[in-house]
Structures are given as C-alpha cells and as structure tokens.
Protein chains: 2
Amino acid sequence: MSAEIKATNITWHEGHVTREERGKLLKQQGATLWFTGLSGSGKSTIAFTLEHALVQNGYQAYVLDGDNIRHGLNKNLGFSAADREENIRRIGEVAKLFADAGILTMTSFISPYRKDRDLVRALHVEGKLPFIEIHVNTPLETCEQRDPKGLYKKARAGQLKGFTGIDDPYEAPLNPELTIDATTTSPQQAAVLLVQYLESQGILR
Amino acid sequence: MSAEIKATNITWHEGHVTREERGKLLKQQGATLWFTGLSGSGKSTIAFTLEHALVQNGYQAYVLDGDNIRHGLNKNLGFSAADREENIRRIGEVAKLFADAGILTMTSFISPYRKDRDLVRALHVEGKLPFIEIHVNTPLETCEQRDPKGLYKKARAGQLKGFTGIDDPYEAPLNPELTIDATTTSPQQAAVLLVQYLESQGILR
C-alpha cells in the first residue's frame with residue numbers, strides 16, 4: 001500500500017487530519033471507555049478482553065493501565081491527594097489525545113473520586129469526544145476474596161494506608177453509561193455488552 | 001465488520017495485544033518521529049503533510065504539537081528550566097504510548113536541549129520502539145524572516161525572554177536519523193523522504 005505514496009500524491013497541509021476523515025478510514029470513532037471500580041473488581045480483565053476482540057476484528061483499541069502509566073508518564077507522582085488528582089487528570093488528557101486520534105481507548109484505574117472522573121468527562125465533552133464511564137461494581141467482599149495482588153490482605157494488616165474500600169472511600173458513579181457486576185457477568189459477556197453499546201452509539205460501524 | 005464480534009468469538013485475555021499482532025493487522029509498526037528545530041523552521045508543516053499522506057493511504061498517524069499538548073496534558077507547566085524538561089519528558093512518554101499502540105506518532109516541538117531529547121530516545125530504546133530524530137535545520141535567518149507567529153519580533157524587542165535562537169541556545173542533534181533543510185526541501189519532498197525512510201526500516205509495509 002505504501003508504494004502508492006508518491007510525491008505526486010502528497011499535498012501540503014497545515015492542520016490535523018479531521019475526525020471525519022479518520023472516522024471514514026478507520027470505520028470507528030475515537031472514544032474513551034473509562035472503567036472504574038475497586039481493586040480486584042475485574043476492570044483490567046474486561047478491558048483486555050475487549051481490546052483483543054476489537055483488534056482481532058480490525059479495530060484500533062488500546063488499554064491505558066497502571067503498567068504503562070505508573071512507570072512512565074506518572075512515575076513522578078506519589079499518593080498524596082494532589083498527586084492522585086494529577087494522576088487521573090493526566091490519564092484523562094492522554095485518553096483524550098488517543099480518542100482524538102480515532103482510537104477506542106480503555107482506561108483501567110480504580111479512580112475512586114467522583115470529582116476526578118467528572119473532570120475527565122468535562123475534558124471530553126469540551127473536546128466533543130465520547131466519554132463512556134463503566135462502573136465495574138463487584139462487591140467489596142468478592143474483590144477481597146479474590147485479592148489477586150494480595151493488596152487487601154496488606155491493607156487489613158495496616159501495611160497499606162489509604163486503600164480504596166478499606167480506609168479510603170470509593171465514590172460510585174451516579175450516572176455511568178454502563179454498570180457491570182463482574183460476579184454475575186463474565187469478561188466475555190461484558191465485552192459483548194460493550195461492543196453492542198459501541199454499535200448502538202455509532203462508535204463502531 | 002463489527003457484526004463479526006459475537007460472544008462465541010470473544011476469549012478471555014489478561015494482557016495487552018502484542019506488538020506483533022497489532023503490526024500484522026495495521027501493516028505498520030508503531031514509531032516516534034521526533035521533529036526538532038527552531039520556531040518557524042517548518043516542523044509542523046512537514047509533520048501535518050506527512051500525517052495526511054499516511055492517513056489517506058490507510059496508515060495510522062497522529063501529530064502531537066503545542067495545540068493539543070500545551071492546553072491539555074501540560075497546561076500546568078510553565079517555562080522554568082524544570083518545567084521545560086518535564087514538558088518534553090511527558091511528550092516523550094505520551095509518544096511512547098502512542099508508538100506502543102502501533103501508531104506512527106509525530107511530535108512537533110522546538111525541543112532545544114540535547115539532554116531532553118536523549119532522555120526521550122532512551123525511553124524508546126528501553127521500550128524497544130523506534131525513535132527517529134528529525135532535525136529541521138532551517139537557518140535562523142530564514143526562520144526569523146518567516147516569523148509566522150511574530151515571536152522573533154517580540155523576542156528581539158525583549159518582550160519574550162529565553163526565546164530559542166535569540167537569547168536561549170538551540171542544541172542541534174549530533175546524530176539525527178534525518179536532517180531536513182526546509183529552505184531547499186518543500187514539505188511534500190520532506191514527506192516523501194520520510195515515507196522512503198519508514199519503508200527502508202520496515203516500519204511501513
């Protein structure tokens with residue numbers, strides 16, 4: 001395909017490719033799917049399951065999570081109130097850039113505070129980009145039983161301070177676009193629900 | 001195409017889609033094309049011309065520039081030495097995330113200090129992602145004659161302090177992957193050179 005890019009086909013442009021042009025070529029619209037929920041609720045498993053399903057079907061999708069954010073962009077942030085707020089703000093701005101580039105962008109962070117998530121929503125509304133808040137509302141008891149990273153155990157033992165659900169609040173979304181209970185919905189079922197939602201909104205074509 | 005995504009086709013995944021899988025589907029490899037040069041040197045015009053050429057040919061490309069970074073991710077940074085360094089660090093980390101997502105990512109910032117650019121290069125090397133430094137080495141005299149934003153005039157009048165090329169140094173890359181003189185190379189010609197380079201490296205297939 002690249003052999004088609006010849007000098008004669010290249011014209012001078014001063015600004016970005018428009019979203020409409022990108023959308024036509026990609027058969028999708030950029031959007032942020034913001035997963036929020038307790039540690040161990042299943043956010044990442046759902047996000048990765050959806051990412052694979054989308055990419056295998058020719059769509060552009062990418063997951064922003066602790067692994068690629070905390071050790072990179074946000075490695076100079078700690079866990080103070082101000083740093084937690086800045087952590088979510090930066091993730092929101094990066095998700096917005098990805099969405100502007102036409103990517104279906106999934107973020108998988110506890111993001112416990114309503115005000116931080118609402119700020120990210122406002123950024124997207126301002127940028128005319130879809131923001132889809134997905135509450136993975138698996139009950140604390142289930143998350144604590146699963147405890148995949150042993151964090152609840154540490155928090156209960158007092159070795160981790162300010163742990164969401166134990167000694168720091170989780171503020172559930174008041175009006176999320178979708179709510180998923182990962183105790184009764186498998187990651188596959190959740191991914192199917194999400195694909196149907198994206199189709200219903202014209203985000204996937 | 002999305003009608004193909006059915007419950008039976010979706011399998012449970014715990015981690016990211018691999019770069020190999022993405023590369024096969026996208027017919028391209030993610031990479032960062034880092035444009036550096038004086039204000040008015042032509043970085044953005046080349047980057048946008050290349051972005052349009054790539055997207056129109058079915059490739060995924062996106063430009064990070066002052067417009068989408070300074071008012072968003074980096075709006076809480078000023079122009080102190082520490083903030084300038086953090087500005088480039090964050091842009092480098094975001095470019096790395098885009099490249100990891102398989103996107104041909106162009107950055108258009110003066111980025112005058114060698115140490116800051118080398119830090120971004122190191123991030124990419126560590127992440128096994130191509131980093132292509134492109135020096136747009138239009139001479140200061142030409143940039144100042146063009147002065148598209150009237151910034152040189154302000155700097156000469158002392159209304160702008162620490163302006164690169166006037167009262168702050170520009171440290172040219174010692175070993176850039178490509179050098180473009182925008183006084184003798186049109187944006188179209190530059191875009192063709194860059195496409196040829198990307199093909200020669202197997203980044204475009």
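Trainee: How does the radius of gyration of chain A relate to that of a compact globule with 205 residues?

Mentor: This is a predicted model, and the comparison is made on its C-alpha atoms. A compact globule of 205 residues would have a radius of gyration near 17 Å, and the 19 Å of chain A agrees with that. Along the principal axes, the C-alpha trace of chain A spans about 70 × 35 × 30 Å.

Trainee: What share of the residues in chain A is buried?

Mentor: Burial is judged by counting neighbours: a residue is buried if 20 or more other C-beta atoms lie within 10 Å of its own. In chain A, 47% of the 205 residues are buried. Contacts can also be sorted by sequence separation. Among those in chain A between residues at least 6 apart in sequence, 77% join residues at least 24 apart.

Trainee: How many helices and strands does chain A have, and in what order do they run?

Mentor: There are eight helices and five strands in chain A. Read from the N terminus, the order is α-β-α-β-α-α-β-α-β-α-α-β-α.

Trainee: How should I read the packing of helix H2 against helix H8 in chain A?

Mentor: One begins with the distance between the axes and the crossing angle. Helix H2 (residues 43-56) of chain A and helix H8 (residues 187-200) of chain A have axes that come within 9 Å and cross at roughly 60°. H2(A) and H8(A) are therefore oblique to each other, and H2(A) passes H8(A) in a right-handed crossing.

Trainee: Which residues make the contact?

Mentor: H2(A) contributes Thr45(A), Ile46(A), Thr49(A), Leu50(A) and Ala53(A), while H8(A) contributes Pro187(A), Gln188(A), Ala190(A), Ala191(A), Leu194(A) and Val195(A). By class, the residues of this contact are eight nonpolar, three polar and no charged.

Trainee: How many residues of chain A are in contact with chain B?

Mentor: The contact involves 47 residues of chain A and 47 residues of chain B. On the side of chain A that touches chain B, two or more residues each come from helix H1 (19-26), H2, strand E2 (61-65), helix H3 (66-73), helix H4 (81-100) and H8. That side of chain A has 22 nonpolar, 14 polar and eleven charged residues.

Trainee: At what angle do H3(A) and helix H4 of chain B pack?

Mentor: H3(A) and helix H4 (residues 81-100) of chain B pack at about 155°, and their axes are 10 Å apart. That angle makes H3(A) roughly antiparallel to H4(B). The crossing of H3(A) past H4(B) is right-handed. In H3(A), Asn68(A), Gly72(A) and Leu73(A) meet Arg90(B), Glu93(B), Val94(B), Lys96(B), Leu97(B) and Asp100(B) in H4(B). The classes in this contact are three nonpolar, two polar and four charged residues.

Trainee: Where is Lys128(A) placed, and is Lys128(A) buried or exposed?

Mentor: Lys128(A) sits in the loop between helix H5 (114-126) and strand E4 (131-136) of chain A. Lys128(A) is exposed, because 8 other C-beta atoms lie within 10 Å.

Trainee: Where is the place of Asp147(A)?

Mentor: Asp147(A) lies in the loop between helix H6 (140-146) and helix H7 (151-156) of chain A. With 15 other C-beta atoms within 10 Å, Asp147(A) is partly exposed.

Note on methods: Residues are numbered from 1 along each chain as its sequence is written. Chains are lettered from A and ligands numbered from 1 in the order in which they are written. This is a predicted model: local features need pLDDT of at least 70, side-chain atom pairs count only at pLDDT 80 or more; totals for chains, interfaces and linings use all residues. Helices (H or I, at least four residues) and strands (E, at least two) are DSSP runs, numbered from the N terminus. The radius of gyration is taken over C-alpha atoms; the globule rule is 2.2 Å times the number of residues to the power 0.38. A residue is buried if 20 or more other C-beta atoms lie within 10 Å of its own, exposed if 12 or fewer, and partly exposed in between; C-beta atoms are placed from the backbone. Two residues are in contact if their C-beta atoms, placed from the backbone, lie within 7 Å. Axes are lines fitted to C-alpha atoms, for helices over the stretch in contact, and angles run from 0 to 180 degrees between N-to-C directions. Angles under 35 degrees count as roughly parallel, over 145 as roughly antiparallel, 65 to 115 as roughly perpendicular and the rest as oblique. A crossing is left-handed if the near helix is turned anticlockwise from the far one by less than a right angle, and right-handed if clockwise. Ala, Val, Leu, Ile, Met, Phe, Trp, Tyr, Cys and Pro count as nonpolar, Asp, Glu, Lys and Arg as charged, and the others, Gly among them, as polar.
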